[in-house]
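Please keep the structure in view while reading them.

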Amino acid sequence: MDNMLNIALPKGRLGERVYDMFENAGFSCPSIRETNRKLIFENEEIHVRYFWVKPSDVAIYVERGAADVGVAGKDILLEYEPDVYELLDMKTGKCRMAVAAKKGFHDDTQRTLRVATKFSNIASRFYLSKSRNIDIIRLNGSIELAPILGLSDVIVDIVETGTTLKENNLEVVEEIVPVSARLISNKASYKFKNERISRILRELSGQVGESR
Amino acid sequence: MNISDSLLRKDEKAIIALRSLYSRYGYVPFKMNKFEEYDLYAKNKDYLVSDSVLTFTDTNGKLMALKPDVTLSIIKNCEEHPSSLEKVYYNENVYRISKSTHSFQEIMQVGLECIGDLDDYAIYEVLMLAAQSLAQISPDYILDISQLDMVQNVLNRLGAETETRQALLKCIGEKNICGVRELCRSICAEKEIMELLCQMIETSGTPAGTIESLRKNPLSEEFREELGQLERIAVLLDDSPLCGHIHIDFSVINDMNYYNGIVFSGFVNGIPNSILSGGQYGRLMKKMGRSSEAIGFAVYLDFLDYLRSPSDDANDADTVLLYEDGTNLKILRNAARRLTDASQRVAVLRSLPENFRYQKLCRIRKDGVETIG
């Protein structure tokens, strides 16, 4: 591991919001604000390196030590269960993991429930806890289409405002878990770069009103 | 036989260093068969890291398994020594499912077990050997030590039932304080005990500082005995070059159905995950019908690949000797012999393979050896 503190941020609006928090915590990297297609940004003065990665990949980068810390959604952490420290609820990127179905849906418990989702582990665990027999239909996008076309009875997916559901005549049937962005750390990095990671944790905790 | 150090891989060097280390402290080698009756694992499935076991039917019809674990076999084969200690070390391959490829992989393990009448000194010695094992791999290492009975004590006082307890343990292992607070609120746990647990999760530091700060919490009176045990062992560790590398960290969580007391986990800078894992497994001993206590650890040597630098083994050979049809083979043999006698690595080839890395390229001519690159 080098002397740089490697931080993986999720590409997109959430990543930009989260970067602001890191900047306010004293870990700025001005080049990250330049408009270009670069993926890695460094501030050699304060030994910090940021990378933009696909939100669902942040946890892998951190677990494998390519990043020392990162910001990942709770949905991703619940789905992939990476072996990392989950240090802080950053109280941003808030949404919920929910079961949704066509309006007026009635669950016929005499037959297997067909569930379309990207989050097969979360869905399996949720229905196992209810002892409900299900058939998982693993999809990678446009999950809302599945119940409309009769591919599934329900979907398990992230719901932010509910607008997409509403526009497709779907509604939330049950909430599984609230979701928000989490600060995660590689376990070995936490030992060997502890001073800097603890400082990030302290500063970010202060920003979200958590005492440390 | 003299073996050049440069010929050995990092894991091979580590095996030699660790075997020598354990022998110096009176541990004797324990050699075992690659196979074990499947029944042993079926009875102790939860103890295994992964559920799946590679099985086959032996010629006598018995269902056998390629070992997914070493400790169970050692316990099975060790005799009861209620008033003494049996100290063994091993160097074995185990077969487990890889989390990333979801297929079986062979994992090289070196480790030791200390079984019998455990006291503070025996536990100290195992912890010291765990720290020294890490030091053999890299000077930049940390051994995290936890005390599971203290964690269990706090969980009992929180009044957490099985499901919440499992969720709390997961949060403790993740240092997830937000998660712990949420779960504690859901079971209306006492705030002071919740805060004690949070204090324990946040703890990560030298034994002396950590124990002192925990003692200041009046609620820690309930596990005074366990803190005392940690303190007595810390005093023994404190007086050595190892002490700066040893931390108390309660996020080290092993399965409480099998482990009790001291548990630990080792990290080396440059390897992203724990490379050493161990602890006291008195509960596993009981489950297997044994009355004595036990402690042990394993070092996972396959992770040493992370420490390879791109410059390691930069060349496939020091010198390449090229020859062709009609070359005088005696000249070729003598040239190769001269170089190997001078401890060079020599590749004798008719043509150069693509991407072959070498320092010097020579061609055998009628009158001798010509350097061409």
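The numbered points below go through domains, chain contact, sheet and helices.

1. This is a predicted model, in which local features need pLDDT of at least 70 and side-chain atom pairs count only at pLDDT 80 or more, while totals for chains, interfaces and linings use all residues. Residues are numbered from 1 along each chain as its sequence is written, and chains are lettered from A and ligands numbered from 1 in the order in which they are written.

2. Chain A is assigned domain 1 (5-93 + 180-207) and domain 2 (95-178), with bounds that come from an automatic or database domain assignment. The centres of domain 1 of chain A and domain 2 of chain A, taken over C-alpha atoms, are 30 Å apart. Four residues of domain 1 of chain A and seven residues of domain 2 of chain A take part in their contact, where contact requires C-beta atoms, placed from the backbone, to lie within 7 Å.

3. Between the chains, 14 residues from chain B and 14 residues from chain A are in contact. The side of chain B that touches chain A has five nonpolar, six polar and three charged residues; here Ala, Val, Leu, Ile, Met, Phe, Trp, Tyr, Cys and Pro count as nonpolar, Asp, Glu, Lys and Arg as charged, and the others, Gly among them, as polar.

4. Chain B holds an open, mixed sheet of eight strands in the order E1-E5-E6-E11-E10-E9-E7-E8, where strands (E, at least two residues) and helices (H or I, at least four) are DSSP runs numbered from the N terminus, and two strands pair if DSSP finds at least two bridges between them. Strand E1 (28-29) and strand E8 (246-248) of chain B are at the edges, each with a single partner strand, so one side of each has no neighbour in the sheet. Strand E6 (residues 104-116) and strand E11 (residues 293-300) of chain B pair in the antiparallel sense over eight bridges, and Ile115(B) has Ala294(B) as its bridge partner in E11(B).

5. In chain B, the axes of helix H7 (residues 177-186) and helix H8 (residues 191-202) come within 10 Å and cross at roughly 165°, the axes being lines fitted to C-alpha atoms over the stretch in contact and the angles running from 0 to 180 degrees between N-to-C directions.

Note on methods. Two residues are in contact if their C-beta atoms, placed from the backbone, lie within 7 Å.
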